[in-house]
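Morning, everyone. I have one chain to walk through today. Have a look at it first.

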Amino acid sequence: MAEVSYYTKDGLEKLKEELQRLKTTGRADISRAIAEARDKGDLSENAEYDAAKEAQGLHEAKIAQLQETLANARLLDESKIDTSKVLALSVVKIKNLKNGATMSYQLVSESEADMKSGKISVTSPIAKGLLGKRVGEKTEITVPAGKIEFEILEISR
């Protein structure tokens, strides 16, 4: 059974748009490539045709994967998120107790994660170490660089 993933409204819309694009323009592009390759003659020795058919298979696999992801996607109502502790979709301001640096992250699903915009996956080591913690709590998180101690300064939506 597939794993349930939680998404923001924007994240879910992006998934739906991507699926729609793959089903429409993506399939049309692949069909065109197959038709062009077929027009070039003998299919038994046509590398372009083989490549186009393989691309079609990969494309259909991606569509199936997105459909499964959407079937198991759950929309989180951000207005009902408890801000007394760190949960999925929480925006958490933390302080690195070793160097004093502060940073803010929003905990999102894996497919929505984008470090540049401050969104980290709930399955990342930092997010796992923060989940369930409250403001003022300290937590030691094991990251690839070693163990880092953080203090939770603020939790918001």
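Predicted model: local features only at pLDDT ≥ 70, side-chain atom pairs only at ≥ 80, totals over all residues.

Residues 84-156 are 8% helix and 45% strand. Now look at the ends.

On to the helices. Helix α1 runs over residues 9-38, and helix α2 over residues 47-71. How do they pack? The angle is about 165°, and the axes are 9 Å apart. Anything over 145 degrees counts as roughly antiparallel, so α1 is roughly antiparallel to α2. The crossing of the two helices is left-handed. As for what the contact between α1 and α2 is made of, its residues divide into 14 nonpolar, 5 polar and 9 charged.

Stay on α2 for a moment. Alanine 51 is in that helix. Its relative accessibility is 46%, so alanine 51 counts as partly exposed. Now pair alanine 51 with lysine 138. They are 87 residues apart in sequence, and their C-alpha atoms are 54 Å apart in space.

Next, the strand region. Strand β4 covers residues 102-108, and glutamine 106 is in it. Is glutamine 106 buried or exposed? Its relative accessibility is 14%, so glutamine 106 counts as buried. What does its side chain contact? A polar atom of the glutamine 106 side chain lies 3.3 Å from the backbone oxygen of leucine 89.

That takes us to leucine 89. Where is it? Leucine 89 lies in the loop between β2, residues 73-75, and β3. Leucine 89 is buried as well, with a relative accessible area of 1%. Check the backbone here. Most residues other than glycine have a negative phi. Leucine 89 is not a glycine, yet its phi is positive, about 75°.

Back to β4 for its other entry on my list, leucine 107. Leucine 107 has a relative accessible area of 0%, so it is buried. Compare its position with lysine 62. Leucine 107 and lysine 62 are 45 residues apart in sequence, and 25 Å apart C-alpha to C-alpha.

Now β3, residues 91-96. Asparagine 96 is in this strand. Its relative accessible area is 9%, so asparagine 96 is buried. Which backbone atom does its side chain approach? The backbone nitrogen of lysine 98 lies 2.8 Å from a polar atom of the asparagine 96 side chain.

Threonine 139 sits in strand β6, residues 138-143. At 7% relative accessibility, threonine 139 counts as buried. Threonine 139 and glutamate 151 are 12 residues apart in sequence. Their C-alpha atoms are 6.5 Å apart in space.

To recap. Helices α1 and α2 pack roughly antiparallel. And leucine 89 has that positive phi, with its backbone oxygen 3.3 Å from a side-chain polar atom of glutamine 106.

Over to you for discussion.

How values were computed. Residues numbered from 1 in each chain as written. Heavy atoms only, no water. Helix = DSSP H or I, 4+ residues; strand = E, 2+ residues; numbered from the N terminus. Axes fitted to C-alpha atoms, helices over the stretch in contact; angles between N-to-C directions. Parallel < 35°, antiparallel > 145°, perpendicular 65-115°, else oblique. Left-handed = near helix turned anticlockwise from the far one by under 90°. Nonpolar A, V, L, I, M, F, W, Y, C, P; charged D, E, K, R; others polar. Buried < 20%, exposed > 50% of the residue type's maximum accessible area, 1.4 Å probe, protein only. Polar contact = N/O pair within 3.5 Å; in protein donor to acceptor, adjacent residues only side chain to side chain.
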